[in-house]
Amino acid sequence: MNKVLVGGAVVGVIYSAVGFPSKIRGRSMTPTLNPDDSKYSDYIWMSKLGSQQFKYQRGNVVCLVSPKDPKERLIKRIIALEGDTVKTLAYKNRQVTIPEGHCWVEGDSKYRSCDSNIFGAISMGLIQGRATHIIWPPSRIQRLDNRYPEERVQIPPDSKHIPTSNPSLGTSKHSILANEKE
Amino acid sequence: MALCRVIHLTLHKILKYGAIIHCTAEFVGHITVCHGSSMEPTIKGGDVVIVEKISINFQNIERGDVVLCRSPVDPRTLVMKRVTLIEGDVLDKTSTSPFLAKVPTGHVWLEGDNTEQSKDSNDYGPVPYGLLQGKVLLKVFPINRFGLLKDKCLD
């Protein structure tokens, strides 16, 4: 009995503070997750490390509670953070400046996803964790990268969230230089 | 060798009870010290309350409940407010707030009991249910104010 309790507690700590595997349903993140030519659903590793600090970057794939239905979890990509101005795809306004503490999330599959283009910018507090890797099926094991449509996002020079340089991408360095010039 | 054994046993105990305490706080409930004056006179700064997390998971929140919520404008801070309206309720036309006439699906309307000193839904609008972190169950300290939270009169 004692062992079951302690074992359960250890699993609980890992689940709430380290991370857990999660199955992806739906096609809203196609082609990054569940591509059309794949027979099986992808499983991802949902990392909870640092989830209490809410230090997310543009391009992170995150899991969030749907603002319309609290029972539903969504997986989306962060496009813009507070202060940024984003060109929307199908929203009622052509351009949106993200309010304090909010972010703009979209699925990779444009127009096929229930995302910020429908419900607007969301509060960062709804984000539960970050998807870091695809862990199943074996042929698709890979890290999830941080790309986002930079041409649609205007980052103000005094933004608190200047993208950090990431040599594997090469593009985020550009944004820093652009910001310094301004 | 004896010392090694003592250290080993102590560490084992710390990890064991730490894990159990963490899970209780994460999934069942925890105690919290309150700050600020936005919920006066129900809760004053420095009061200690018990927050339970189970009702939130079962979507069992009603009008009049006092809840702990992530601030919609700063996810790193938690605020304590009273749920005054739930999804589908019609907002009071006389209120000065510039928001929609109805609380949208999946949202709640939060207000502090101390209306003048409270930054709440009248400032930032309806709050998504997913931001709620727990329901305040009991005031436990100071002892003379121990008890359940008295419902503020809501019509």
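Chain A exposes about 10,000 Å², and carbon and sulfur atoms supply 54% of it. This is a predicted model, in which local features need pLDDT of at least 70 and side-chain atom pairs count only at pLDDT 80 or more, while totals for chains, interfaces and linings use all residues. Residues are numbered from 1 along each chain as its sequence is written, chains are lettered from A and ligands numbered from 1 in the order in which they are written, and side-chain values use heavy atoms, with hydrogens and water left out.

**Chain B**

- Chain B has three helices and eight strands (DSSP runs numbered from the N terminus: helices are H or I with at least four residues, strands E with at least two).
- Its elements run α-β-β-α-β-β-β-α-β-β-β from the N terminus on.
- The radius of gyration of chain B is 19 Å, whereas a compact globule of 155 residues would have one near 15 Å (taken over C-alpha atoms; the globule rule is 2.2 Å times the number of residues to the power 0.38).
- Along the principal axes, the C-alpha atoms of chain B fill a box of roughly 75 × 35 × 25 Å.
- Of the 155 residues in chain B, 44% are buried (under 20% relative accessible area, with exposed over 50% and partly exposed in between; 1.4 Å probe, protein chains only).
- Among contacts in chain B with a separation of 6 or more, 53% are between residues 24 or more positions apart (contact means heavy atoms within 4.5 Å).
- B:Pro142 sits in the loop between strand S7 (132-141) and strand S8 (147-148) of chain B, and lies 8.7 Å from B:Gly46, C-alpha to C-alpha, although the two are 96 residues apart in sequence.

**Chain A**

- Chain A has three helices and eleven strands, and buried residues make up 48% of its 182 residues.
- The peptide bond from A:Thr30 to A:Pro31 is cis, with omega near 5°; A:Pro31 belongs to the loop between strand S1 (19-23) and strand S2 (43-47) of chain A.
- In the loop between S1 and S2 of chain A, A:Asn34 has a positive phi near 50°, and A:Asn34 is buried at 5% relative accessibility.
- A:Phe54 also has a positive phi, near 55°, and is buried at 3% relative accessibility.
- For context, most residues other than glycine have a negative phi, and most peptide bonds are trans.

**Pockets**

- The largest pocket has a volume of about 1,300 Å³ (on a 1 Å grid over the protein atoms alone, a pocket is an open set of points where a 1.4 Å probe fits, with protein on both sides within 12 Å along at least five of seven lines; lining residues have an atom within 4 Å of a point). Grid points are joined across faces, edges and corners, and the volume is the space filled by probe spheres set on the points.
- Of the 42 residues lining the largest pocket, A:Tyr15, A:Lys48, A:Val65, A:Arg73 and A:Gln128 are the closest to its centre.
- The second largest pocket holds about 800 Å³; among its 29 lining residues, the closest to its centre are A:His102, A:Phe119, A:Gly120, A:Ala121 and B:His107.

Technical notes
Accessible areas come from the Shrake-Rupley method with a 1.4 Å probe; for residues, only the protein chains shown count as cover.
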